[in-house]
Amino acid sequence: MSDHITALEYEQEEHKLAHIVRVMDKQMESLHSTIGDQQQEIVEMKRHFWDEVSVDKEQLFETYVSIMQQAKDLANYERVQDHARRLLTKLGKHIGSPYFGRIDFREEYEVDKLPVTIGLMSVTDENGEHLVYDWRTPIASLFYDYAPGPVRYRTPMGIITGEMTLKRQYLIRNSKLEAVFDTGIQIGDDMLQDMLKRSADTKMKTIVSTIQREQNAIIRDDAHEVLIVQGAAGSGKTSAAMQRIAYLLYKHRESMHSEQVVLFSPNDLFNDYVSNILPELGESNMTQTTFQQYVDYRLRTTRQIEDVYDQAERLMNPASATVGQLERASARWKASESFMAVADAFVTSLMNEGIAFESLGTPKRTVITEEMLREHFYGTLADWSLPARMDKTREWIKGYLKDWAAKEVRRVYQRFLKQPNYIGTEEEMMQMSKKHVGKWVREMRRKAHTYSFIKWDALYEQFNAHLPRWCEIALTAASAHDASKQTNASEEKVSVSGLAGFAATHIDPDAMPTTSMVANMGEHTLARMNDGIIPYEDASVFLYIMESIEGFNTFNHIRQVVIDEAQDYSAFQYALLSRLFPRSKFTILGDWNQAIYESNRVGRVEMVQRMFPERKSTVIRLKKSYRSTKPISEFAHAILPNGEPAEPFHREGKPPVVYVVNEAERPQLVFERMQQLQEAGCQSIAVLAKDEASSARVYQLLSQQVDGLKRVTKHTQQFSVGSWVIPSYLAKGLEFDGVIIWDADQEHYGHERDRKLLYTVCTRALHELHLYAVGQPSPLLPVADTK
């Protein structure tokens, strides 16, 4: 029994729970019966389907009507059965913990109060009376937003005001009441402490029973087209976003479905980690993908497209110090808003000249030459926009091929007639001719349809070969824009297939590299392309240029887009996503303290807002961190003294410890530490090494001693409890009971650019954090216990 309520109240709560469980159990029995009855009807209908249909050649219409009616009746039975099964599954999932909260609400000018019990699903009795309200209902928002006292909530009919006289929380397991808490505006610390002390799981947990007021603001915001969340590590931003999707699917259940929602996440491992949340909340899972998968699908190149993890490895371990400096500068610059102006300058130049065309034909004959394509594109279609020219050129090619095919069929037919060794009718020879020509026509039409009459790789090579030129043009356009603005003259609009006028207004001349540096960057990209690779920092730029010419792809049926790890997206990626989903609302989640990739940094939250200039946006900041103990949180945040603010939740635990060791003894000491963590009850343990090569070595050193040790690579798709060895950058988004930093020394974390990465790996720990340094510990670490 909880100390917060009287014995009589506790007994009353137990009776209420027992009654609700009985109702749910009775409903499950009824649903079992319904499913059985429907199944029997379906079997009988399928068995005797034709017995009920009168087949009469003289009455074909009546026969058709009869068949359609039988099919309609069968579909109705199957629909009822499917609904019953889904409801039965939900009841079975939630009967063990049917609710978690309660408020007593008295509406203004009313005498009686309304007890509102809140759970993951609505439960009504046989008279239709609500026993449990779904947490997404409007009145349930009072539970998350207010303490007892004057309250108000929004409904489709308007604002309802009144008084909350009671706010109560429950801990229910296996249909048994374990604790009851009366609480204030925040969900009670007792409940949170209980949740946070548990071990990390294979999947992210729902937070419905412990949603805080600031998280509820994220979940229920339906007024903004772009909702941007800056959340400290462990602040619950991803969980809140998943709950938000469940809420929106509930609120708009008549007009929006889960297949109209897409999640862009960091990798497949993270997709697996969050894959259970919507099903636990009674909703079907949304589409889950990564931006890399879209680039791989969309970009037309014969080269291998580097991913962000290979880029991270390349920048951590450059061929030389000079190359490393060049590659890091290139990665940062090519992700910037300023570089978008450079790309726009190049695209604008293509209005007059510059596109390299690919001739079309058969293996032995050229049908449409490069010169014919160039003349049509830059001559006949000179007054059209680039996307319009592409579309009209495609249609012109198809029309030309139609005329060519008719002539070619006759030519091949005449050739067959002259072959004395062929015996066949003229009709057969004509069919052979059409088949022979049709094969090549189909291939050329396919190339036309996919815009493969453009040499895309050559186009991007051209962009990099003359990079200083496009920079000069972009700077000139920016200066002209500034001069126009200062003189209040009408701004000259330049036709740019991109963010019209956007890039020129946000280019930063002071941030532009020197001309020689720009030329070196272009040459370095050309060298990598010559090796068969599109660098990661170039892939989004390449795609942006390609789609600016073709016309941007759109997915108009998508209603909601969720972007996680938003700090890892570049200006180009946001520009592409904005155009991909022109009718969608966006929920964008990030922690700018964890911006660990050189090539993806949009430096501030406000920069993300600028990428959606035509959409109503807002920013919500989650400052409180719930994941780690207070000592771990304070230790991690001391690494970033000038970072985004974060407040640790008051949960005591062991302080982090830095161990100074030598190379030879480290494997054994880490193994012993892992054993101690397991004995302390840690179900998930991560050993984090900085890069992939180090991770492979650590795994080799420990795998013979640690039973069931697993290793994460960029190809890992599923997460489970146990012991893992993980490269630092792949641990982002995950959490573990105990974390061991393998190489927290000056050699591996000695540069200022390593600060956010070190912060990120430290914030993966829920309960214990141990850091091992060979030689001098990282100078980025705060003062800590050292052994």
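The buried residues of helix 10 (308-316) are covered by several other helices, among them helix 9 (291-298), helix 11 (321-333), helix 19 (515-530), helix 20 (536-550) and helix 25 (692-702). Here, covering rests on contact, which means heavy atoms within 4.5 Å. Helices (H or I, at least four residues) and strands (E, at least two) are DSSP runs, numbered from the N terminus. This is a predicted model, in which local features need pLDDT of at least 70 and side-chain atom pairs count only at pLDDT 80 or more, while totals for chains, interfaces and linings use all residues. Residues are numbered from 1 along each chain as its sequence is written, and side-chain values use heavy atoms, leaving out hydrogens and water.

Let us stay with helix 10 for a moment. Because 7 of its 9 residues are buried, helix 10 is largely enclosed by the rest of the structure. Buried means under 20% relative accessible area, exposed means over 50%, and partly exposed lies in between (1.4 Å probe, protein chains only). The buried residues of the helix are Val-308, Tyr-309, Gln-311, Ala-312, Glu-313, Arg-314 and Leu-315. At the start of helix 10, a side-chain oxygen of Asp-307 comes within 3.0 Å of the backbone nitrogen of Tyr-309. This is a polar contact (a pair of N or O atoms within 3.5 Å; within protein, one must be able to donate a hydrogen and the other to accept it, and residues adjacent in sequence count only if both atoms are side-chain atoms).

Tyr-309 also leads us to the aromatic rings. The structure holds 34 aromatic pairs. Rings of Phe, Tyr and Trp (its six-membered ring) pair if their centres lie within 6.5 Å; planes under 30 degrees apart count as stacked, over 60 as edge-to-face and the rest as tilted. Tyr-309 and Tyr-729 are stacked, because their ring centres are 5.8 Å apart and their planes stand at 20 degrees. Tyr-729 lies in the loop between strand 23 (722-727) and strand 24 (736-741), so the pair ties together parts that are 420 residues apart in sequence. Tyr-309 is buried at 8% relative accessibility, and Tyr-729 is buried at 4%.

Two arginines have their charged ends over tyrosine rings: Arg-213 over Tyr-146 and Arg-253 over Tyr-250. For this, NZ of Lys or CZ of Arg must be within 6 Å of the ring centre and within 35 degrees of the ring normal.

| Charged residue | Ring | Distance from ring centre |
|---|---|---|
| Arg-213 | Tyr-146 | 5.7 Å |
| Arg-253 | Tyr-250 | 4.4 Å |

Thr-137, in the loop between strand 4 (130-134) and helix 3 (141-145), is in contact with Arg-220 and Tyr-250, leaving aside its neighbours within four places in sequence.

Next come the nonpolar cores, which are sets of buried Ala, Val, Leu, Ile, Met, Phe, Trp, Tyr and Cys residues joined through side-chain atoms within 4.5 Å. The largest has 92 residues, and those with the most contacts inside it are Val-342, Phe-463, Tyr-574 and Ile-588. Its largest share, 10 residues, comes from helix 14 (386-417). Apart from this core lies another, of 83 residues, including Ala-312 and Leu-688.

Tyr-109 has phi near 70 degrees and is exposed at 76% relative accessibility. Ser-175 has phi near 65 degrees and is partly exposed, with a relative accessible area of 23%. Tyr-109 lies between strand 1 (101-107) and strand 2 (114-119), and Ser-175 between strand 6 (158-173) and strand 7 (176-182).
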